[in-house]
Amino acid sequence: MSSRQEPRHDVVVTGLGIISPLGVGADTFFDKLSNSQSGISKIDFMSSSAAPQNVGGEVKEFTESSARKTYLKTQRKSIKVMCREIQLGVASAALALENSGLDLESIDHERMGVDFGANLMFSPPDVLKDACWKCLKNGNDEVTFNYDQWGTIGLANMEPLWLLRYLPNMPACHIGISADARGPSNSITLDEASGNLALAEARHVILRDAADVMIAGTTGTRLHPVKSIHGRLWDELAESDSEPATWSRPFDLNRTGQVLGEGACSFILEKQSHAEKRGANILANLMGTGSCCIADQQGKPQIRRALASAMRLALADAGLNPDDIGHLNAHGLGDKQTDVDEAQAIHDVFGSYAEKLPVTALKSFLGNSGSGCGTLELAGSIVSLCKGVVPPTLNYDAPDPDCPLNVVHSEPRSVSNKRMMNINVTRMGQASALIARVA
């Protein structure tokens, strides 16, 4: 007899807070997905960037003014120590709490925690320039930077509380303070793999009875003066003479790369008995998670093997077989090789069922926001399955024989099986997977 415990599926989702290039809120998000309306266009809040033609997935509704008046109106004093991606994350958590109907006056705050993911954060050049100018020195007809003066002269010219604006653990800190969440708290910085991992950690906190409620999510941006340069140097970025909405083409034969984006999404997770006792609207059950990182002896990431391992671990954690999954929300980066590696990994795990398994890829709507992408993609499946459909993939016009997948495209696909798997992977081969069942 096996000693393995039966899988536990009694962690539920009771609230969603979505801030994406498609808009703010679950209803807007679903409407845009179901009507195949892209969130990728010319960037407004940056006049220039290293993103090709200054195109990306921008949250146009989210401005400094709207944050103060609407999304962060209870934290106006704190906004000055939040960069844009921290603001996005904190606002998404506030929306999720509101959506959950949780009464913060009646819960045990010692039993409420936070698990949140974020990218590494960088100061824009205009924040650093004054301090840097003070450390320049002239000599021998050239200007050089005097590093010895940075700690004394340079830092003295930085804005007050500068560092607090750009620390990746600050979203969790601000969220915890705002909600008075005194339970377990953690921050994850693992690029695109962060979303599934943040929810996995939060789920296990509840399963080990260290909390009744967890606020879990991620925020991320690659629409940034420095990060867009990183994208240009490290990644294959899409570019075309056609409309920006057509640039992101996961698994399509004519894909040319990824599109940079931004966004944030938070979930309220609860022990099922806690949610039922208060009469909460249960959106989904979290069934299983898995993660893996694989590189060869030279340090080259093994994306296919890492993804396959993460998916198998999630299935084992959920106590499911591959053909129990109703659809897969793919990483769908849109670059030539990563999409092939991902398609091969899906076949490695799902075998012959991979030809039938519906696959969607929502970066075609949103771009790649780094840490923010996984939670937004999971939310896309949840809000769509609540309506009985799988959201489509945009711009899938010519199937690639090297990516033989059953890609949902053109329009949403009706399904009866409401179990889904969400997968993500980083350029370094760090993969994560999560399985959920919509109620």
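**Group meeting: a walk through one predicted model**

In helix α8, residues 225-234, four residues are buried: Lys-227, Ser-228, His-230 and Gly-231. These four span an arc of only 150° around the axis, which puts them on the same side of α8. What lies over the buried residues of α8? The cover includes helix α3, residues 84-100, and strand β9, residues 213-221.

Next, the core. The largest nonpolar core has 38 residues. Those with the most contacts inside it are Phe-251, Met-311, Leu-328, Ile-346, Phe-350, Met-421 and Ile-435. Five elements to look for are β11 (284-293), α10 (303-318), α11 (336-350), β17 (419-425) and β18 (430-438), which give two or more residues each to this core. Which element gives the largest share? That is α10, with nine residues.

Take Phe-251 from that list. Setting aside neighbours within four places in sequence, Phe-251 is in contact with residues including Ala-330, Asp-339, Val-359, Tyr-396, Cys-403 and Val-407.

Now a pair of helices. Helix α1, residues 26-34, packs against helix α13, residues 373-385, at an angle of about 85°, and their axes are 10 Å apart. That angle makes α1 roughly perpendicular to α13. From α1, the residues in the contact are Ala-26, Phe-29, Phe-30 and Leu-33. On the α13 side they meet Leu-376, Ala-379, Gly-380, Val-383 and Ser-384. By type, the contact has seven nonpolar residues, two polar and no charged.

Gly-39 sits in the loop between α1 and β3, residues 40-42. Is Gly-39 buried or exposed? Gly-39 is buried, with a relative accessible area of 8%. Apart from neighbours within four places in sequence, its contacts are Pro-21, Leu-22, Gly-56, Gly-57, Glu-58 and Phe-365. Between Gly-39 and Glu-243 there are 12 Å in space, C-alpha to C-alpha, and the two are 204 residues apart in sequence.

The other residue is Leu-167, in the loop between α5 (150-154) and α6 (170-179). Leu-167 counts as partly exposed, at 24% relative accessibility. Not counting residues up to four places away in sequence, Leu-167 touches Ile-86 and Met-121. Leu-167 and Leu-405 are 238 residues apart along the chain, and their C-alpha atoms are separated by 39 Å.

Terms used
Residues are numbered from 1 along each chain as its sequence is written. This is a predicted model: local features need pLDDT of at least 70, side-chain atom pairs count only at pLDDT 80 or more; totals for chains, interfaces and linings use all residues. Side-chain values use heavy atoms; hydrogens and water are left out. Buried means under 20% relative accessible area, exposed over 50%, partly exposed in between (1.4 Å probe, protein chains only). The arc is that of the directions from the helix axis to the C-beta atoms. Contact means heavy atoms within 4.5 Å. A nonpolar core is a set of buried Ala, Val, Leu, Ile, Met, Phe, Trp, Tyr and Cys residues joined through side-chain atoms within 4.5 Å. Axes are lines fitted to C-alpha atoms, for helices over the stretch in contact, and angles run from 0 to 180 degrees between N-to-C directions. Angles under 35 degrees count as roughly parallel, over 145 as roughly antiparallel, 65 to 115 as roughly perpendicular and the rest as oblique. Ala, Val, Leu, Ile, Met, Phe, Trp, Tyr, Cys and Pro count as nonpolar, Asp, Glu, Lys and Arg as charged, and the others, Gly among them, as polar.
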